[in-house]
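Here is a friendly note to read alongside the structure. Keep the 3D view open and find each residue as we come to it.

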Amino acid sequence: MSDHKPGGVADAGGDGELEAVIGLEIHVQLATRTKMFCGCELSFGEPPNTRTCPVCLGLPGSLPVANARAVHLGLMIGLALGSELAPRSIFHRKNYFYPDLPKGYQITQYDEPLCRGGELGDVRIHRVHLEEDAAKLIHAGASGRIHGSDTSFVDFNRGGTPLAEIVTEPDLRAPEQASEWLKLLRTTLRQLGVSDVNMEEGSLRCDANISLRPRGSETLGVKTELKNMNSFRFIERGIRAEIARQEEILAGGGQVVQETLHFDPASGSITSLRSKEEAHDYRYFPEPDLVPVAIDDGMLAAARADMSELPADRAERLQRELGLSVDSAQVLAFRTELGDYFEAAVAARAEPAPPAQGLANWIAGDLVGRLPEGQDPSDSRVEPRALAALVGLVAERRVSVGAARQVLDRLIEGGGSEPLAIIEAEGLGAMDGGSELAEIVAAAVAANTDAAERVREGNAKAIGPIVGQVMRETKGRADGTEVARLIHEQLGA
Amino acid sequence: MAALARLALGEEEVEPMARELSAVLDHVARISELDLENVPPTSHVVEVTGALRADEPTPCLPREVVLSQAPLANDEGFLVPSPQA
Amino acid sequence: MSTTDILDLSAAAAAAAIGGGSLSATELFEAYRDRAASDRAAGDAGLNCFTWVAADAPSEPVDAPLAGVPVAVKDLFCTEGVPSQAGSRILEGYLPPYTATAVSRLRAGGAPLLAKTNQDEFAMGSSNENSAFGPVRNPWDRERVPGGSSGGSAAAVAAGLAPWALGTDTGGSVRQPAALCGIVGLKPTYGAVSRYGMIAFASSLDQAGPLTRDVTDAALMLRHMVGRDPCDATSLAFPGEIELPTAERLDGIRLGVPQELTGEGIERGVLDAFAAAIEQAKELGAEVSDVHLPHAPHALSAYYVLAPAECSSNLARYDGVRYGMRATDAHDLLDMYMRTRHDGFGAEVKRRIMLGTYALSSGYYEAYYGRAQRVRTRISEDFRTAFEQIDFVVTPTAPSVAFRLGEKTADPLAMYLNDYCTVPMSLAGIPAISIPCGHSEGLPVGLQIAGPAFSENRLLDAARALERSIAFDARPARV
Ligand SMILES: [Zn+2]
């Protein structure tokens with residue numbers, strides 16, 4: 001793989017006359033209890049083939065019946081994305097043979113999907129439809145060969161798991177834009193509560209359609225489909241590699257072939273997934289075993305009632321109601337766990353009450369920075385109420401910022417849950433501007449004659465060594481502003 | 001077509017099959033004479049909608065029952081020749 | 001009660017006799033079980049009606065309306081732990097882990113399983129010659145076919161090897177064999193009986209129905225089958241209950257005779273018997289008029305697109321992975337699929353899979369499947385218009401009496417024409433009943449009566465009045 005810088009051709013500027021056009025197809029496992037068309041409970045690592053029934057095994061005579069909750073969750077997704085919800089949608093059969101497809105067809109939605117249109121951020125949504133997942137085919141290798149062929153093992157536990165497939169318009173232009181947007185989608189879906197959206201466990205899977213075209217052109221080039229990239233990093237790398245591959249083909253005067261590709265993150269290579277003998281003709285036709293899904297007012301009302309606030313709405317509210325800066329509001333809104341922690345801290349009515357912006361800064365900065373990567377702060381030992389109280393004390397200058405950080409360290413270690421108690425026990429309370437601090441300042445000035453001289457001459461930056469000594473002496477309890485004021489006062493500067 | 005249907009046909013089957021199919025296709029092609037413009041297609045004769053299932057678990061089949069019908073299986077699942085890479 | 005007396009009882013009469021204490025359920029079960037078992041044992045020397053026969057009568061006394069009158073069930077109904085092969089090699093030895101709703105409802109109603117009956121493979125056929133178990137013979141003439149695809153069920157009831165039987169009808173598979181065997185066959189409104197556990201041929205057309213000695217038995221069996229099933233999204237609650245028919249007259253009933261289904265292509269003898277039945281109806285007070293079903297002549301074409309298309313998809317699950325047979329010498333996955341399906345399916349099934357695959361393939365979908373669906377709409381409209389003027393459509397059930405074994409096997413199109421009169425009702429999803437209405441060449445002729453969706457009660461009443469008046473003698477078929 002050639003080493004392209006982020007953005008690939010999209011960022012190539014003047015000489016890069018090609019631009020990438022990227023659309024995503026995202027499969028979201030819906031958070032139901034049972035499968036899409038039968039009453040088997042969803043499987044989370046149960047022993048193979050223990051979560052099956054006549055329907056999801058495709059036994060002769062069995063019939064599918066659609067899961068009402070899957071439809072409900074599909075409607076919530078449609079509402080969240082601003083899609084048009086079809087009053088009547090139908091299921092189709094997509095016919096092909098594979099050992100993980102027990103009926104010889106997948107039940108999916110085709111030309112009459114549940115939701116059409118919509119947008120999220122600056123990406124338009126093409127459609128959202130419901131379908132069933134395939135089972136799991138595990139290559140068992142050459143160990144148990146069947147008549148000279150390698151053996152594979154089929155586990156039908158996952159077969160029939162309900163999925164929503166979200167298809168975007170080809171509105172993305174760069175690999176990292178794709179992964180950023182996908183993160184936004186994941187946050188939105190998580191907030192909705194429609195899915196676990198866990199890429200590692202496969203409850204969020206992403207395919208990308210990629211083509212190149214001359215910048216400024218409106219027509220689309222030949223696209224390839226890059227399958228099943230299972231992490232944000234791989235999505236970015238995969239798309240980047242495919243853009244590079246297509247660039248190379250076009251640069252050499254060749255033609256991109258429409259095909260399905262697989263990105264191998266280990267080698268960085270891209271390989272074609274379908275061999276020629278599997279030229280597909282899916283022979284879609286309306287699934288005669290199912291009746292149309294009709295959406296009535298009751299179902300719509302139920303979906304609306306179940307919608308929690310979406311990130312964009314939350315960010316707007318945090319700015320409007322609590323006066324947070326745009327950046328802070330977005331960080332808290334799009335990192336749901338931070339937003340939830342923040343709102344819990346606000347709601348804790350701590351004494352003294354912290355300013356909202358200060359609280360937001362402390363959470364997104366000091367607290368997150370001290371926790372292991374990815375840890376939800378509500379899983380830490382720091383109670384939202386305790387952090388709120390600590391920020392309140394800082395605001396009232398009853399503790400310095402430096403000392404407050406030490407208090408936060410104690411809280412994280414579990415060395416107490418009351419900031420005020422920790423401050424008192426460790427003597428971290430802010431020193432008032434009284435004689436004790438003035439004496440320490442005087443000693444520091446005396447010990448740093450060079451610096452003192454330069455401050456006197458008007459070099460404000462030279463104050464550093466003196467402040468440093470005061471802070472060491474006071475173990476950070478002194479308020480920095482007060483220390484600076486005293487130094488200047490004593491030096492007459 | 002036979003490959004699409006995953007149906008091997010013996011050499012002796014091909015010719016009669018082609019002949020019979022074309023006779024049947026000639027017959028069914030008569031519907032092309034009809035004027036069907038603006039006629040909606042019927043997928044379901046009786047118009048039912050909804051018929052959704054509550055998201056409530058029902059018992060699964062015991063694995064040994066499931067696997068007892070398999071042409072080839074081990075204790076945990078079905079075995080098939082691996083698809084070609 | 002002597003065995004002969006027992007075998008003379010209709011199912012309803014047998015249930016009454018058990019209820020009245022003059023007959024025991026076990027005695028009845030064993031009388032039929034013995035007859036069914038000897039037919040099974042005789043193989044081709046018998047009628048070859050059965051693919052499996054129960055060993056023992058139910059040990060518990062049956063406390064339900066059907067009182068233990070046992071039922072023979074077409075092989076394609078899944079019966080837990082009992083072989084269910086749909087007449088196909090590809091399901092050799094298959095033992096389903098569950099029972100079809102229609103069968104379990106009948107059992108709950110008091111009708112235990114007597115036997116599984118022979119059929120055309122996956123219900124594809126009109127002569128019961130397409131079975132992995134060999135052909136069924138017609139009890140009226142062993143050298144003739146019983147009709148299909150529910151041929152085993154029809155022949156068993158006609159021959160007195162079962163009190164009554166359950167079949168399925170996709171394009172005529174209950175009505176046509178009932179006609180050819182001289183018994184009653186009813187195809188209910190699509191959706192009236194759950195399809196759950198019925199091994200599918202063409203999902204939008206398949207419907208379970210009774211094959212019985214008389215119309216009352218058909219009503220009684222249907223009563224214990226109908227109703228919404230949460231396992232079948234296309235099933236519907238039957239409005240009201242199925243009543244046992246009591247009508248003796250047809251006063252005020254308007255019968256419509258569609259010229260499209262009573263002219264060309266129907267045997268002379270069949271038309272004569274049909275005409276005689278129409279005269280009987282008039283004597284009973286019916287008003288008979290002509291009616292038009294202008295698209296009915298195209299029904300067969302539409303049917304032979306739609307049914308194969310659905311079948312090509314429904315039969316994709318027979319891949320040798322989870323159940324049934326698998327070709328043993330395959331050298332890779334593709335080869336396993338191709339050979340398993342080559343070895344497992346019979347010629348007619350292969351033909352329809354190919355036809356259906358073609359009709360659905362890209363580039364041909366709209367010309368075949370799409371158009372056929374539109375013809376279907378037209379046919380429904382034709383019936384709707386007709387039923388504004390008349391109560392029932394009447395036609396011969398089949399264009400001919402039972403034909404000779406092997407007579408039509410070489411010509412699929414000729415075989416398909418057997419469904420000419422029954423397919424329009426299937427496409428429209430409306431109920432239709434066949435009752436024996438006379439003879440031609442010493443063989444039974446069937447009369448088909450069809451009504452609007454969910455008109456079963458009125459339909460059964462009309463059929464019962466005609467049946468009484470016609471007084472068809474079915475005894476020559478008893479073996
Ligand atoms: Zn299941």
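1. Let us begin with a group of charged residues in chain A. Arg314(A), Glu316(A), Arg317(A), Arg320(A), Glu321(A), Asp340(A) and Glu343(A) are joined by salt bridges into a network. Please keep in mind as you look that this is a predicted model.

2. Arg320(A) and Glu321(A) form a salt bridge, with 3.8 Å between the closest N and O atoms. Are these two residues buried or exposed? Arg320(A) has a relative accessible area of 53%, so it counts as exposed. Glu321(A), at 52%, is exposed too. Both values pass the cut-off, because exposed means over 50%.

3. Arg173(A) pairs with Glu19(A) in a salt bridge, at 3.8 Å from N to O. Arg173(A) sits in the loop between strand S11 (162-168) and helix H2 (175-192) of chain A, while Glu19(A) belongs to strand S1 (residues 18-29), so the pair ties together parts that are 154 residues apart in sequence.

4. A second pair to find is Arg158(A) with Asp133(A), a salt bridge whose closest N and O atoms are 3.5 Å apart. Here 25 residues separate the partners: Arg158(A) is in the loop between strand S10 (149-155) and S11 of chain A, and Asp133(A) is in the loop between strand S8 (123-132) and strand S9 (136-146). Arg158(A) is partly exposed, with 32% relative accessibility, and Asp133(A) is buried, with 7%. Searching the whole structure gives 61 salt bridges over all chains.

5. Next, step back to the domains. Chain A is divided into domain 1 (18-305), domain 2 (311-425) and domain 3 (435-491). How far apart do the C-alpha centres of domain 1 and domain 2 of chain A lie? The distance is 39 Å. Where these two domains touch, 4 residues of domain 1 are in contact with 5 residues of domain 2.

6. The area buried between domain 1 and domain 2 of chain A is about 430 Å², and carbon and sulfur atoms give 60% of this. On the domain 1 side, Leu184(A), Thr187(A) and Gln191(A) supply 79% of the area buried against domain 2, more than any other three residues. The domain 1 side is made up of 1 nonpolar residue, 3 polar residues and no charged ones.

7. Finally, look at where chain C meets chain A. The contact draws 43 residues from chain C and 34 residues from chain A. About 3,000 Å² is buried between these chains, with 59% coming from carbon and sulfur atoms.

8. How many salt bridges cross the interface of chain C and chain A? There is 1. Arg195(C) makes it with Asp289(A), and the closest N and O atoms are 3.0 Å apart. The interface also has 18 residue pairs in polar contact. Helix H9 (299-314), helix H10 (333-344), helix H11 (347-360) and helix H12 (366-386) of chain C each supply at least two residues of the side that touches chain A. That side of chain C divides into 23 nonpolar, 12 polar and 8 charged residues.

Conventions. Residues numbered from 1 in each chain as written. Chains lettered and ligands numbered in written order. Predicted model: local features only at pLDDT ≥ 70, side-chain atom pairs only at ≥ 80, totals over all residues. Heavy atoms only, no water. Contact = heavy atoms within 4.5 Å. Buried area = accessible area lost by both parts, 1.4 Å probe. Salt bridge = Lys/Arg side-chain N within 4 Å of Asp/Glu carboxyl O. Polar contact = N/O pair within 3.5 Å; in protein donor to acceptor, adjacent residues only side chain to side chain. Helix = DSSP H or I, 4+ residues; strand = E, 2+ residues; numbered from the N terminus. Nonpolar A, V, L, I, M, F, W, Y, C, P; charged D, E, K, R; others polar. Domains from an automatic or database assignment. Buried < 20%, exposed > 50% of the residue type's maximum accessible area, 1.4 Å probe, protein only.
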